[in-house]
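This report covers a strand pairing, the salt bridges and a charged surface patch. Please keep the sequence and structure in view while reading.

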Amino acid sequence: MQSVELHTHSSLSHDGRDPVELLLEQASAVGLDALAVTDHDEIDASLRAVELAPDYGLVGIPGMEVTCAAGHVLALGIDEAIPRGLPFGETLDRIRDQGGLAVVPHPFQESRHGVLEHISKAELATADAIEVYNSRLLTGRSNRQAERFARREGLPMTAGSDAHIAEMVGQAVTNVDTDERSAAAILDAIREGRTTVEGKRTPWRISFRQAAGGAKRRVKNGIADFFQ
């Protein structure tokens, strides 16, 4: 059994704060076996994390959080960035063309780019897996909806902290039933549905701090881009 964190953001994300080294350090400190850095529409930090992961006793899983036309999709096990803005189905196809796994995070949280604002549940059911526990929740209702949907459709289930600061890495974990410590084995086991999930809510004060920090960085980056 491997304990895996599948949804984190580094400073390469527009709303992330910390370098991958701090994310890896935290993952190791809380006893995880593997970590995926999934920045918004960026993959360079994730590939860097994959290279460094063995130094921390971890398996690195390459990936990113793609902003498709319908919302967010986690692309795991890829090595080239997926373009943003593509239709949901085409985004899934591009991920699979690279041998990757297409996981839909927080699908019922429309305020956070959940895809169900723009696609049908039948389309959602074509994903490879559904994130049924996301630590950045208010009431937990959206997570429960995602879990009921995944169970009804027979889809593999994952969890993710959606950490935007290193301290929150490991708040939500996907336990993957495989003894092989490799990204390929972990993703194959997820694809086959050999997972259980566990997690804790991100404290509200941390969620607020993450959101405020992200907004501040977006403004700062926007000003910098204006003067370039």
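The model is a predicted one. Strand β4 spans residues 63-67 and is mostly covered, with five of its five residues buried.

β4 runs antiparallel to strand β5 (residues 72-76), and five bridges join the two. E65 has L74 as its bridge partner in β5. The two strands form a hairpin with four residues between them, and G71 in the turn has a positive phi of about 145 degrees.

## Salt bridges

The count of salt bridges is ten. One of them links the side chains of R94 and E90, at 3.3 Å from N to O. Both residues lie in helix α3 (residues 88-97), four residues apart, about one turn of the helix. R94 is partly exposed at 33% relative accessible area, and E90 is partly exposed at 32%.

R191 forms a salt bridge with D188, with the closest N and O atoms 2.9 Å apart. These two are three residues apart in helix α6 (residues 183-191), so about one helical turn separates them.

E192 and R194 also form a salt bridge, with 2.8 Å between the closest N and O atoms. E192 is exposed at 55% relative accessible area, whereas R194 is partly exposed at 32%. Salt bridges with shared partners join R17, D18 and E167 into one network.

## Positive surface patch

K121, R141, R144, R148 and R152 form a positive surface patch. Helix α5 (residues 141-153) gives the most to the patch, with four residues. R144 is found in helix α5 and counts as partly exposed at 44% relative accessibility.

Terms used
Residues are numbered from 1 along each chain as its sequence is written. This is a predicted model: local features need pLDDT of at least 70, side-chain atom pairs count only at pLDDT 80 or more; totals for chains, interfaces and linings use all residues. Side-chain values use heavy atoms; hydrogens and water are left out. Patches are made of residues with over 30% relative accessible area and no salt bridge: like charges are joined within 9 Å, nonpolar side chains (Val, Leu, Ile, Met, Phe, Trp, Tyr) within 5 Å. Accessible areas come from the Shrake-Rupley method with a 1.4 Å probe; for residues, only the protein chains shown count as cover. A salt bridge is a side-chain nitrogen of Lys or Arg within 4 Å of a carboxyl oxygen of Asp or Glu. Lys and Arg count as positive and Asp and Glu as negative; His and the chain ends are not counted. The place of a charge is taken as NZ of Lys, CZ of Arg, CG of Asp or CD of Glu. Buried means under 20% relative accessible area, exposed over 50%, partly exposed in between (1.4 Å probe, protein chains only). Two strands pair if DSSP finds at least two bridges between them.
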